[in-house]
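Welcome! Here is a short briefing to read alongside the model, grouped by topic so that you can look things up as you go.

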Amino acid sequence: MDEKSKSHDAPSLDIPSPEKAMTNSNTDPEHLEKRYNLLSVLAFSFTTMNSWVAFASGLAVPLACGAGPGIIYGLIAAGIVICIINLGLAELASAFPSAGGQYHMVFMVFPASTRRAAAFFTGWISIVYLMAALASCNFFVASSVLDLVALWVDTYQVEAWHTYLLHVALCIVGFLVTSRFPGAVGKLGVGIFFLSLVGFVASIATLLAASKEKQPSTAVFTEYTNTSGWSDGWAMILGITACLWAFSGGDGPTHLAEEVPNPGRTVPIAILLTIAMGFVTVFAWIITLMYVVTDVQGIIDSAVPILEVYNQATGSRLASTIWSVYYMVMFYEIVLNLFIFGGRTIWSLAREGGTPFARWFSHLQWNASPVRATALMLLLQILVGILYIVSTEAYSSFINLTLFALNITIALPQAALLVRGRDILPTERAFSLGKYGFAVNLVATLFVLFFSITFCFPVGMPVSAESMNYLVVVMAIAVVVIGGLWWGPGGLKGRFIGPRVVIEGE
């Protein structure tokens, strides 16, 4: 059996020999330093997804769509969906490792006639997704800080502009830390990784020990209570859609590919381990949660659901405060990670001529770090934050782009493999789906198509101007802006060259 045939037999994860070294053929000699290892990349990946922590801010919708059974079985279904989607991503990341992530993959697998435009679109949609995810996590931290102040100071009233100013301050700190000390952020991430695992065990122990009243197993696993206003069947689908948020951020390791040795092996390992660990932790935590919750509707109506969870379980303002601070630390680590990922994505796109003032953004500064590209992400955060003050609906709709846009960027290269054939993938890659590849790419593409539709539905009925889902409108605006960057006056259509990767020895 020849080597090409072997690569299609079954999934494999082996160290390629000889190791391939990538260099960019652009005349710019600057390269990111090899500053991370497998543990730090896994820490980046896990602390970004951090399923059991991140899902704590999104409990309301799946609970409204079925209470215990809605959220528990919704998580199982969502975990299967995300696992399949990210299996395809892991294989592509092994085949085409680059700080550009999905935009690089799209360029490598699309036909020559459309690859530049498709890669440009994917690159900018990735920036939009990272921008929305960063804003969401940072505003959660800012809001939690002020909610704690209001919890302890009865006379204090939280104002939107207070939250915005704190958001800007936290972003400035995040930019300075990630730009000046990128290696230290990696080491910090390892510490936060273990802190998250310790906190996971401690949180379960706290909820079980402090709760005076436990719910019966029938209430947790079988009493389906739908208060969303939708029919039970459609409510379950919307609940599964909401549960997908527990597993967002799986692409994170791809943006570190140029800063680790042997990225074709390291990045897929980080992606797949993160999905597995994320599912185990969030599933165990949610089951525990449902046993101790006494007022599901109270969590649904709460502005900060996790604060309400600990209030119900412990009845202690001090305990709620301690756990709220813990969650702030976890979420701010996500903010730091997203500054790292966003800066590298912008830098990668800029070095190929894919951004305005590309020559300026494509240079590295402190510790071979893309400071200017990261500064652009900081500027975008300051601008996006204004939406929080101007219109809550507009801000929420923009944040909803996060997982919607991410899944599109992951599905595009997998859809291209279905059309063009999987033989266009390099046969020598560390992770191969083998004979299961076509099925994985097909199911992943269909899942993304279906859930891209369900993401656009309002989460409750009847629909009002305040509860309406404006995701389609926001996505359309994003596409128009990207189109303007491509075709508009001084557009980048004639400047964007796309990735030019030379494999040593070829």
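Phe139 and Tyr395 are both buried, where buried means under 20% relative accessible area, exposed means over 50%, and partly exposed is anything in between (1.4 Å probe, protein chains only). This is a predicted model, in which local features need pLDDT of at least 70 and side-chain atom pairs count only at pLDDT 80 or more, while totals for chains, interfaces and linings use all residues. Residues are numbered from 1 along each chain as its sequence is written, and side-chain values use heavy atoms, with hydrogens and water left out.

**Aromatic pairs**

- Rings of Phe, Tyr and Trp (its six-membered ring) pair if their centres lie within 6.5 Å; planes under 30 degrees apart count as stacked, over 60 as edge-to-face and the rest as tilted.
- By this rule, the model has 28 aromatic pairs.
- One of them joins Trp52 and Tyr327, whose ring centres are 5.9 Å apart with 65° between the planes, an edge-to-face arrangement.
- Trp52 belongs to helix α3 (residues 51-54) and Tyr327 to helix α15 (residues 317-351), so this pair ties together parts that are 275 residues apart in sequence. Helices here are DSSP runs (H or I, at least four residues), numbered from the N terminus, as are strands (E, at least two).
- Trp52 and Tyr327 are both buried.
- Phe139 and Tyr395 also make an edge-to-face pair, because their ring centres are 5.2 Å apart and their planes meet at 70°.
- Phe139 sits in helix α7 (residues 115-152) and Tyr395 in helix α18 (residues 392-399), so the pair links parts that are 256 residues apart in sequence.
- One aromatic cluster is made up of Trp52, Phe200, Trp285, Trp323, Tyr326 and Tyr327.

**A charge over a ring**

- The charged end of Arg115 sits over the ring of Phe107, 5.2 Å from the ring centre.
- For this label, NZ of Lys or CZ of Arg must be within 6 Å of the ring centre and within 35 degrees of the ring normal.

**How helices pack**

- Helix α7 and helix α15 pack at an angle of about 160°, and their axes are 9 Å apart. Axes are lines fitted to C-alpha atoms, for helices over the stretch in contact, and angles run from 0 to 180 degrees between N-to-C directions.
- α7 and α15 are therefore roughly antiparallel to each other. Angles under 35 degrees count as roughly parallel, over 145 as roughly antiparallel, 65 to 115 as roughly perpendicular and the rest as oblique.
- The crossing of α7 and α15 is left-handed, a term for a near helix turned anticlockwise from the far one by less than a right angle, with clockwise being right-handed.
- Helix α5 (residues 67-95) and helix α20 (residues 437-454) have axes that come within 8 Å and cross at roughly 125°.
- α5 and α20 are therefore oblique to each other, and their crossing is left-handed.

**Cysteines**

- The structure holds zero disulfides, a disulfide being a pair of cysteine sulfur atoms within 2.5 Å.
- For Cys83, which is in no disulfide, the nearest cysteine sulfur is that of Cys243, 16 Å away. Cys83 is partly exposed, at 34% relative accessible area.
- The sulfur of Cys243 is 8.9 Å from the closest cysteine sulfur, in Cys65, which is too far for a bond. Cys243 is buried, at 0% relative accessibility.

**Backbone details**

- Most residues other than glycine have a negative phi, and most peptide bonds are trans.
- The peptide bond from Met461 to Pro462 is cis, with omega near -5°, and Pro462 lies in the loop between α20 and α21 (471-487).
- Asn262 has a positive phi, near 50°. Asn262 is found in the loop between α11 (232-243) and α12 (263-292), and it is buried, at 15% relative accessible area.
- Phe357 has a positive phi of about 55° without being a glycine. Phe357 lies in the loop between α15 and α16 (358-361) and is exposed, at 65% relative accessible area.

**C-alpha distances across the sequence**

- Ala394, in helix α18, is partly exposed, at 29% relative accessible area.
- Lys212 lies in the loop between α9 (182-210) and α10 (217-221) and is exposed, at 81% relative accessible area. Lys212 and Gly315 are 103 residues apart along the chain, and their C-alpha atoms are separated by 9.5 Å.
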